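Good morning, and thank you for making time for this item. Please look at the model first; my remarks follow.

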Amino acid sequence: MSRELTELDSVVTLQKELSKSKGSLKSQLQRAERQKQIRSLLLILPLVCFICVTFAFPIIEMLYRSVDNQSVPKGFPNTTQVMKQWDYEGLPSMAIQQVFMAELRERYADKTLPKLANRINIEVSGMRSLLMKTGRKLNKTNALPVNHQELIKLDKRWAKPRYWAAIKTLSAPYTLSYYLAALDMRYDEHGNITQQPETRQVYVDLFTKTFGMSLAITLICLVMAYPVAYLLANLPDKKANLLLIVVLLPFWTSLLVRTTSWIVLLQNQGVINDLLIWSGVTTERLAMVHNTFGTIVAMVHILLPFMILPLYSVMKGISPTYFRAARSLGATPSIAFIKVYMPLTMPGVGAGALLTFILSIGFYITPALVGGRSGQMISNMIAYHMQTSLNWGMAAALGGLLLAVVLALFYLFNRIVGINNIKVGG
Amino acid sequence: MALPSYCNTRERIGYYGYLGFCTLVFLFLIAPILIIVPLSFNATPYFTFTEGMLSLDPEAYSIRWYSDMFSSNQWVNALKNSTLIALSATIVATVLGTLAAMGLAANNVPFRNTIMAFLISPMIVPVIISAAAMYFFYTRLDLSQTFIGIVLAHAALGTPFVVITVTATLSGFDHSLVRAAYSLGANPIYTFRHVTFPLIRPGMISGGLFAFGTSFDEVVVALFITGVEQRTVPRQMWSGIREQISPTILAVASMLILMSVLLLLTLEMLRRRNARIRGIRE
C-alpha cells in the first residue's frame, strides 16, 4: 500500500515537472543548445591552451622584449630619478653627474656594468668603452670627481652632451628605440626622433627589398601558374591527376632538398652551367647562385605549387558554359576569356597571390643558403641579431614589424578568401 | 582541350606555344627534384654528370655516398632523432587537432572564425619569428636542448594541418548518423569509436602525415632550440650545406625524395578511399 502511494506521489511530481517545463520548451531547447556549445568549447579548449602556451605566449613575450628597457633603470635607479630634472639643455648639473658616477662605480664593483654597457652601446656606439674605462678609473680612486674638469680628466667624451643624452633616453622602463632603429631612426641628443645618418640606414632598404623580391616572386609565380592551372582544370581527369602529381611532388618534397638541388644545379660547376657552355649560349660560366637571382629562382620553385593549387581548384569549379555563352553572343575567344573567364578566376588569383606573398616575405632558409650577400631578406637579419650580434631587442623589434605585416595580410586573406577555404595539399 | 580541326595556322601556333609553355613549367617543377637522384650515384665527388655517367658506363656509378650515409654515426643518429621527434609531435598534434576540429564542427560555436584563425596562426607566422620567440621562452623554462622542448614546438607547428584536414572531412559529415547511434542506445565513446572515427579517419591520417612531414622537414626551430643530442636530419643537412656540401647530402636528399613519394602515394590512396566511403564517384 505504502509503495503504491509513493509511486503515485512520484507520478504526481513528474506531472508537475512536465507541466512546468511545457511552458518553457523554448528555454529547454536553449539549455540543450548551450550544453552543446559548452561541449564544443571543451573540445577546443585543450588545443587553444596548448597553442597559447607553446606558441602564442612566447611570441607575446618576444614582443615585450622589443620595448622592454628595465635593465638600465634597474642598474642606475638613482640616476634615473635625478635625470628627470635635466631637459637635454647643455650638460646635466654637477649633482646629477655625481649621482651617476657613484652608481657607475658601484656597478663596476659588483660586476654588472659590462651588461649595462653593452645595452647602452647599442644606442650610441663607443658607450661601452667609455663606461668601462670610467668605471675602472673611478674604482681605483676613492673620491668622486667634484667638478667638471676632473670628470673630463677621466674621459674627455663626458664633455659631449650626446653621451649624457643616451643615458637619459634609456632611463625610461620602456623604449621605442628598437622600433625606431628598425625604421632607421633614433633619438638625437635632444631626445627628439630623427633619421639615422645615411651610412647607418639599412633596415628600411632591407624591408623594401624584401617586399620587392616577394612581389616579384608572386608575379612570376602567377604568370607561370595561371596557364598551367588552366590546362589542369580543362584536361580529362585521368591526365590531370597524373600531371597534378608533378605539382604535388615538389610540394611534398623537403624544402631543404629543393634548396640543395638548386644549389647543385646552379653552381659554377653545376649542370646548368655545363649545359650552357656545351650548347654555346655562353662561353663563361655564369654566377647564378649565392645572389638575388638564385634566391628568386629557388623561391619561385618552392612557392609555385601554392599558387597553382588554389587557382586549379577555382578553375575546376567554373562551368565551361559561361565561356560558350559568351562565344555564342559574339565574343571572340580572347574577349570571352578576358571579360568572362578571368573575372571568375579572381578568387583563386587572390588566394594564391596572398598566400605566396605571405609565405615569401617570411622566408628564411632559402635566402640563407642560396642568397649569398645580396639575396638576404628581413628574416635573415632577425636571425643575424639573434645568433651573431646578440642584439635580441633589435631581433624582437624587426620580428614585431614583420609579424604586423604578416598578420595584416592574413586578416586580408581571411576577409577575401575565408579561413575555412584554406586547403592543404590540393 | 583538343584543338578543333577547323582552326587556322595562327591558332595552331598559339595552341602549341601554350602547350610548350606549360611543359616548360612542369619541367621546371619536377626536373630539379629528379635530377638529384642520378647525381647521388656519381662515383666521383662532383655535382655534375661526368662523361662516364652520360655514356652509361657502370663504372661511373656507385653507391658509395649511400654507404657513407649509413655508416656515419651522425646521419644515423639524426635519422633516429628525426623519426622519434616527428612521431611524438604527430601524436600530440593529431590528438589535440582532431578534438579541436570536432569542437569547431558545431555550427553554434561563438567566435568560431577567430578561434580558427588563432589555431591556424602557427602555419602563417614566419617560422623565424616562431623560432626566436620559442628560443627565449623554452630557454627560460629549461626546455631548450631537450627532447620534450622540440616535440612541443613541432607539435604546435603541426596542429594547423590537422585542424584544417579534419575540419574539411567533418564539413561533409552527416550529424544524423551520430544521433542515430545515440537513439539506438550507444554511449558517446562507443559512438565515437564506431561511427565518427571511421568516417574522419582519412582526414586524421592525412593531417597526421602533414604534421609528420612538417616536423621531419623543420630546420629553423631545430636550429634555435635543439642541442647536439637532438640533432635532426634537416639540422644535419643544414650544417652540411653551410659548411662543405658533400655528395652524401645528395644521397640523403634522394632518400627524402623517396619518402615524399611514399607520403604522396599514401595521401592519394586516402583521398580515393575517402571519396569511396562517401560514395563520391570520380
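This is a predicted model: local features need pLDDT of at least 70, side-chain atom pairs count only at pLDDT 80 or more; totals for chains, interfaces and linings use all residues.

Residues are numbered from 1 along each chain as its sequence is written, and chains are lettered from A and ligands numbered from 1 in the order in which they are written.

Chain A holds 20 helices and two strands; these are DSSP runs numbered from the N terminus, helices being H or I of at least four residues and strands E of at least two. Its radius of gyration is 33 Å, whereas a compact globule of 426 residues would have one near 22 Å. That radius is taken over C-alpha atoms, and the globule rule is 2.2 Å times the number of residues to the power 0.38. Along the principal axes, the C-alpha atoms of chain A fill a box of roughly 110 × 90 × 40 Å. Of the 426 residues in chain A, 39% are buried, that is, with 20 or more other C-beta atoms within 10 Å of their own, the C-beta atoms being placed from the backbone.

The domain assignment, automatic or from a database, divides chain A into domain 1 (27-67), domain 2 (71-173) and domain 3 (213-421). The centres of domains 1 and 3 of chain A, taken over C-alpha atoms, are 33 Å apart. Four residues of domain 1 of chain A are in contact with six of domain 3 of chain A, contact meaning C-beta atoms, placed from the backbone, within 7 Å.

How many residues of chain B are in contact with chain A? There are 76, and they meet 75 residues of chain A. Helix α1 (residues 9-34) of chain B gives the most to the chain B side, with 10 residues. By class, that side has 64 nonpolar, 10 polar and two charged residues. Ala, Val, Leu, Ile, Met, Phe, Trp, Tyr, Cys and Pro count as nonpolar, Asp, Glu, Lys and Arg as charged, and the others, Gly among them, as polar.

Finally, helix α6 (residues 112-124) of chain B. A kink of about 30 degrees lies at Phe118(B), shortly before the proline Pro122(B); the bend is the angle between axes fitted to the seven residues ending there and the seven starting there. Among the buried residues of α6(B) are Met116(B), Leu119(B) and Pro122(B). Their cover draws on both chains, including α2 (25-67) of chain A and α5 (73-105) of chain B.

Terms used: A residue is buried if 20 or more other C-beta atoms lie within 10 Å of its own, exposed if 12 or fewer, and partly exposed in between; C-beta atoms are placed from the backbone. Two residues are in contact if their C-beta atoms, placed from the backbone, lie within 7 Å.
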